[in-house]
Amino acid sequence: MTIELAPSILSANFARLADDAKAALEGGGTVLHLDIMDGHFVPNITIGPPVVASLRRALPDATFDCHLMIENPDNYIPAFAEAGVNWISVHQEACVHLHRTLQLIESHGCKPAVVINPATPVHTLDEVLDMLHHVLVMSVNPGFGAQQFIRESLNKIKTLAEVRDSLGLSFRIEVDGGVALDTVEDIVRAGAELLVAGNAVFGRGDIRENAKRLLGAARAAMLTRA
Ligand code: DX5
Ligand code: ZN
């Protein structure tokens with residue numbers, strides 16, 4: 001498994017979004033994580049398809065990882081696919097017909113993924129794991145950046161990695177929330193390899209340098225992973 005850094009633009013300066021995103025990718029980020037919030041599923045509102053489409057024009061080659069924190073995601077999946085995202089993840093907690101929603105994502109040419117909140121057990125995904133490009137484990141309650149990492153999510157990452165091995169599947173394991181220099185070693189050792197980071201990359205200091213240091217720490221942890 002290859003470690004990848006997915007800078008989350010939630011903590012970027014939205015007045016210079018494309019420039020901040022480019023800096024994070026120049027620092028070693030390989031996936032741009034886009035947090036879409038509707039003010040219903042989570043208590044915050046961010047961006048919609050027009051902003052994503054503009055960002056796509058500015059960054060034609062980047063992989064866009066679209067994290068939908070919205071109710072009724074089926075109504076918006078076509079528009080985000082049209083805007084140019086590559087991966088779409090939906091919350092298990094927001095989908096009544098999760099299997100159908102994953103099929104819908106795939107039918108629009110995007111890679112399907114499911115996100116689980118801190119209170120949602122890994123095993124709620126057992127019946128759809130073979131359909132997934134990745135599982136996103138939330139290590140904070142979704143809605144805001146710069147929250148404290150919830151350490152219990154490490155056990156969920158470990159469980160997922162064990163289930164994947166036992167079933168011979170190949171979905172990737174992504175983690176989102178509180179990924180930073182002081183948590184990344186444990187996160188990588190637990191088995192995550194797609195690392196979303198907002199505050200640690202865009203919060204303060206030089207974006208390129210922040211991304212580079214975080215990725216370096218993650219790769220070092222990977223080398224010593226059992
Ligand atoms: C939270 C979002 C995250 C957020 C992570 O609801 O899904 O992607 O940007 O933020 P940090 O890395 O600041 O904890
Ligand atoms: Zn996210």
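In the classes used here, Ala, Val, Leu, Ile, Met, Phe, Trp, Tyr, Cys and Pro count as nonpolar, Asp, Glu, Lys and Arg as charged, and the others, Gly among them, as polar. Please keep in mind throughout this tour that the model is predicted.

**First stop: the shell around ligand 1**

Select ligand 1 together with the 20 residues around it. Coloured by class, this shell shows nine nonpolar, nine polar and two charged residues. The space that ligand 1 takes up is the largest pocket.

**Second stop: the nearest residues**

Now select Ser-8, Asp-35, Gly-143, Asp-176 and Gly-178, which come nearest to ligand 1. In the side chain of Ser-8, an N or O atom is 2.7 Å from an oxygen atom of the ligand. Asp-35 places a polar side-chain atom 2.7 Å from an oxygen atom of ligand 1, and a polar side-chain atom of Asp-176 likewise lies 2.7 Å from a ligand oxygen atom. Taken alone, ligand 1 exposes 380 Å², and the protein buries 99% of that.

Which strand supplies the largest share of the shell around ligand 1? Select strand 2, residues 31-37: the largest share, three residues, comes from this strand.

**Last stop: His-134**

Finally, select strand 6, residues 134-138, where His-134 is found. Is His-134 buried or exposed? His-134 counts as buried because its relative accessibility is 0%, and buried means under 20%. Display His-133 as well: the side chains of His-134 and His-133 make a polar contact at 2.9 Å.

Terms used: Residues are numbered from 1 along each chain as its sequence is written. Chains are lettered from A and ligands numbered from 1 in the order in which they are written. This is a predicted model: local features need pLDDT of at least 70, side-chain atom pairs count only at pLDDT 80 or more; totals for chains, interfaces and linings use all residues. Side-chain values use heavy atoms; hydrogens and water are left out. A residue is near a molecule or strand if one of its heavy atoms lies within 4 Å of it. A polar contact is a pair of N or O atoms within 3.5 Å; within protein, one must be able to donate a hydrogen and the other to accept it, and residues adjacent in sequence count only if both atoms are side-chain atoms. Accessible areas come from the Shrake-Rupley method with a 1.4 Å probe; for residues, only the protein chains shown count as cover. On a 1 Å grid over the protein atoms alone, a cavity is a set of points where a 1.4 Å probe fits but cannot get out, and a pocket is an open set with protein on both sides within 12 Å along at least five of seven lines; lining residues have an atom within 4 Å of a point. A molecule sits in a cavity or pocket if more than half of its atoms lie within 2 Å of its grid points. Helices (H or I, at least four residues) and strands (E, at least two) are DSSP runs, numbered from the N terminus. Buried means under 20% relative accessible area, exposed over 50%, partly exposed in between (1.4 Å probe, protein chains only).
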